[in-house]
Amino acid sequence: MIKRFGVGGLDRRALLKVGAAAGLAQVAAPFVISARGEAPIKIGVANPLTGTYAAPGKNESIGMQLAVDQLNAKNGILGRQIEMLIEDSTSGDAGAAVQKTRKLIERDNVDFLVGNVNSALAQAMAQVSNEKGVLHIVPGGHTDPITGTDCKWNVFRVCNTTRMEANAVSDLLFKTYGKKWHFITPDYAFGHTLYQGCEADLKKLGGTVTGNELTPLGTTDFSAYLIKARAANPDVLVVLVQGNDMVNCLKQISQFGIDKQIHVAGTQQELEPVEAMPPEARVGVWMFEWYWKQAAGTPGLDDFIAEIRKRSGKVPTARTWFGYVTIHAYALACEKAKTIEAKAAAKALGDMELPPEIKLQPNKVYFRGGDHQLMLSAFLGELLQTGDGDPENLFKVNSIVAGDSIAPSVADTGCKMNMPA
Amino acid sequence: MLQLIFFNVTNGLIIGAFYALMAIGLSLILNLSGVINFAHGGFLVIGGYLAYALTPRLGFWGALIVAPFLTALIGFAVERLLIRRLYGRDPLYSLLLTFGLAFIIEDGTRQIWGANGLPFSVPAALTSPLSYQFFFITGYRMFMVAVVAIVVALLFVLLRYTRIGVRIRAGTLDLETVAALGVNVRALRSLNFAVGIFLAGLAGVLAAGQIGLEPTMGDGLLMPSFIAIIVGGVGSLTGTLLGGLLIGVASGLTAVIFPSASEAVIYVMMAIVLLVRPRGLLGEEGMLT
């Protein structure tokens, strides 16, 4: 009889048990909270986990996670533990990146934002972070305006600007290979500014551009562009495409034997695509933004390599380093400012020099206060087909150039920084 | 200029042959099962990765033969377990299913083989260009075209002269009548699906020699294949072959004149065909309506 009056299928005993449990939870709750201490600092990451840039996106995450684990093992930031939330921004959908950014800021209330590999997505995210007043570091999107004409008080960048990349390599290409250049350029923000930088440098050096092939992001077949490029008879074929496009392009260049007729080179090169190429496609002079094989005795380097190898089974790439530096730079800024408040932390990050165990390279590495751009070294050298006795060593570093020697002055970047009062 | 155009037409035919291989597989499945297989690019990726995994043991040539069969086997299982259940329903259901499958395959390969691409080499004998002047005609590309030609020829022989082939063609036109005549339509569809996926697997192995082997490699090849079908005409395999070759040549030619439109031109072609001749160049009136 009693069942008929109960709530749904619940009988009196069950109801009592639930009530007792709820009551107990009320009593117990304060103890749990006090034991937990202060709430953790939340770091929100929106980076590609799927699509063309999934590999660099993942490597940046590995570097970030290492930094977070190191910090958490040593008292976190200002005594608070760090919690990292990673969202998939996709590789090329700015709408998705903005949506994820808003979710991280508005719903998860992150204290600090990281992203994006794709330049265009990084720009879109910076709009949102600026509007919300959240400190934001772009680990690996290169297009100039992020720390140039579109610079913002809350946005910093770890990787090079495209102009720095062009300046790093242009002289060397001109002296080694000759003065007629033909370009294969990815047709979006990154490629456009990188090409402009190279073209300006080449003009200054007295060379000529024989042509610029704009290729859509995600091009699989480069043969039509390569046919045109070879017909123009340049001294150097300058390959500016990145990621999988780079793999496809160099693979086809080597199959066509073009590298035996024209010099093949470029600006930015990364370990991810080089690992994905067959040995015969690894040709030319390039710059790496960071490289793992350096002079013995570089402080902290061996530990970093060992830790990353433990996590990914591979040597670190420039992307891993970007992620690692991003988190550590944020931690250093908060410790210096003694708060995680965005404006104070941003002020502390401007002009901050990275300590040896974080910069992991020679030369002074620091954020420029004027445009919030990190001055990192450029590693110039040439690709190794099979790695000098070490299958993981696919790049021979010839020189390591200081970042501020290749960066345009703050005035030339077009950045007008407005720090809020 | 004339030489450049000639180069690009030849080059376009080479690329077109590859699109055609993909598109014919898609077309087979679409014609008999009414399934728009969005996971076709995924099966291509599976073919490529299986070849990569098998190469150390079987060499390139062994992998070239075995990997497509294994891919077909996976395709067969997928048809039996998943796709078959949706035949009676609106095509939208199977489209959604294969769309989801494409994501699962992409992430699955990423889980197994990693997000970064893998180096896949073709035998040295095939990598060099045939002549200095025609540098874009490499041994490997000639080999690709030859493989496509042989496989397409075999497929047409199979469809024209064997009992199964005749049933598949008949089923394309009127499946109910074929079923009423006592043909086991379920088995026929499974087999046909597996043949289509075999072609995707083969395309995957061939593509891995030419472009980077990575989890999204099928994405860029899938849309041109769909367009090849639409341009050539739904329901006609000859049309699909023609459509593949046509869009290859069109994008090659556009690359000479207006490079940044070389990708868009195939969509423009599709739009024009849909406006002027909605059934496609060799398509039958009223297919798939």
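The structure is a predicted model, in which local features need pLDDT of at least 70, side-chain atom pairs count only at pLDDT 80 or more, and totals for chains, interfaces and linings use all residues. Residues are numbered from 1 along each chain as its sequence is written, and chains are lettered from A and ligands numbered from 1 in the order in which they are written.

The average pLDDT (the predictor's confidence in each residue, from 0 to 100) of chain A is 90, and 91% of the residues score at least 70. The pLDDT falls below 50 over residues 1-12 of chain A, a stretch with 6 contacts in the model beyond near neighbours in sequence. Contact here requires that the C-beta atoms of two residues, placed from the backbone, lie within 7 Å.

Chain A contains 16 helices and 14 strands. Both kinds of element are DSSP runs numbered from the N terminus, helices being H or I of at least four residues and strands E of at least two. The C-alpha trace of chain A spans about 95 × 50 × 40 Å along its principal axes. Of its 421 residues, 53% count as buried; a residue is buried if 20 or more other C-beta atoms lie within 10 Å of its own, exposed if 12 or fewer, and partly exposed in between, with C-beta atoms placed from the backbone. Among the contacts in chain A with a separation of 6 or more, 69% are between residues 24 or more positions apart.

Three strands of chain A form an open sheet in the order β10-β13-β14, with antiparallel pairing. Two strands count as paired if DSSP finds at least two bridges between them. The edge strands, each pairing on one side only, are β10 (285-288) and β14 (395-401) of chain A. From one strand to the next the twist averages 30°. Strand β13 (residues 378-383) of chain A is joined to β10(A) by 4 bridges, and E382(A) in β13(A) is the bridge partner of V285(A). Helix α6 (residues 162-177) of chain A lies across β10, β13 and β14 of chain A and runs at about 160° to β10(A). Axes are lines fitted to C-alpha atoms, for helices over the stretch in contact, and angles run from 0 to 180 degrees between N-to-C directions.

The buried residues of α5(B) are R141(B), M144(B), V148(B), V152(B) and L155(B), and their cover includes α1, α8 (185-208) and α10 of chain B.

R189(B) is located in helix α8 of chain B. R189(B) is buried, because 22 other C-beta atoms lie within 10 Å. Leaving aside residues up to four places away in sequence, R189(B) touches L32(B) and S33(B). R189(B) and S33(B) are 156 residues apart in sequence, with a C-alpha to C-alpha distance of 6.5 Å.

Between the chains, 34 residues of chain B are in contact with 34 residues of chain A. On the chain B side, two or more residues each come from α1 (2-33), α3 (91-113), α9 (219-232) and α10 (237-257) of chain B. The largest share, 5 residues, is from α1(B).
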